[in-house]
Amino acid sequence: MTMFANLTQPGGFLGIVTVVCAFFLFVAGVVSVLSGLSGLWSDNRAYIVAFGALNLVAVGGLGLQPRMPWLGAVLVIPGAIAFALAWFWAILPLVIGPVAIVAAVIRAVKLSRLQERVALAT
């Protein structure tokens with residue numbers, strides 16, 4: 001299964017929100033890591049790289065959720081908080097960060113219930 005297919009589960013509006021959050025977290029993570037490693041911002045380089053890495057871990061958590069719903073949610077939460085804190089001046093991360101957390105928890109509930117139904121049916 002591809003990463004995009006993992007992100008769109010369980011489908012509908014929640015799948016769209018998850019893809020949008022993953023996109024912004026991924027872009028912010030790559031930009032943070034690359035700019036921190038290149039020395040674009042000379043002060044606080046370690047913090048920039050760490051926040052970028054947390055953003056990328058959050059994307060991985062969203063992709064992991066169909067297999068391990070609650071572990072994926074646990075990985076998303078620190079990355080989304082780091083996203084909102086590091087990019088607060090852009091306003092949009094202040095909205096997307098909390099939305100990513102809420103979407104991750106709702107997905108974890110829905111996907112764990114789906115896994116329980118599948119387990120009971122077999």
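Predicted model: local features only at pLDDT ≥ 70, side-chain atom pairs only at ≥ 80, totals over all residues.
Visitor: OK, helix H2. How many residues does H2 have, and how far does it reach?
Guide: H2 covers residues 12–38. Helices here are DSSP runs (H or I, at least four residues), numbered from the N terminus. H2 has 27 residues and reaches 39 Å from its first C-alpha to its last. That is close to the expected 39 Å; the expected span is 1.5 Å times one less than the number of residues.

Visitor: What follows H2?
Guide: Glycine 39, with a positive phi near 85°.

Visitor: At what angle do H2 and H3 pack?
Guide: About 150°, with their axes 7 Å apart. Axes are lines fitted to C-alpha atoms, for helices over the stretch in contact, and angles run from 0 to 180 degrees between N-to-C directions. That makes H2 roughly antiparallel to H3 (over 145 degrees; under 35 is roughly parallel, 65 to 115 roughly perpendicular, the rest oblique).

Visitor: Which classes of residue make that contact of H2 with H3?
Guide: There are 14 nonpolar, seven polar and one charged. Nonpolar means Ala, Val, Leu, Ile, Met, Phe, Trp, Tyr, Cys and Pro; charged means Asp, Glu, Lys and Arg; the others, Gly among them, are polar.

Visitor: And H2 with H4, at what angle do they cross?
Guide: Roughly 65°, with axes that come within 11 Å. H2 and H4 are therefore roughly perpendicular.

Visitor: Which residues make the contact?
Guide: Phe24, Leu25 and Ala28 of H2 meet Gly79, Ala80 and Phe83 of H4. Contact means heavy atoms within 4.5 Å. Five of these residues are nonpolar, one is polar and none is charged.

Visitor: New topic. Is asparagine 55 buried or exposed?
Guide: Buried, because its relative accessibility is 0% (buried is under 20% relative accessible area, exposed over 50%, partly exposed in between, with a 1.4 Å probe and protein chains only). Asparagine 55 lies in helix H3, residues 45–64.

Visitor: What is asparagine 55 in contact with?
Guide: Leaving aside neighbours within four places in sequence, Leu25, Ala28, Gly29, Gly79, Ala82, Phe83 and Trp87.

Visitor: Last one: how do H4 and H5 cross?
Guide: At roughly 180°, with axes that come within 8 Å. They are therefore roughly antiparallel.

Notes
Residues numbered from 1 in each chain as written. Heavy atoms only, no water. Helix = DSSP H or I, 4+ residues; strand = E, 2+ residues; numbered from the N terminus.
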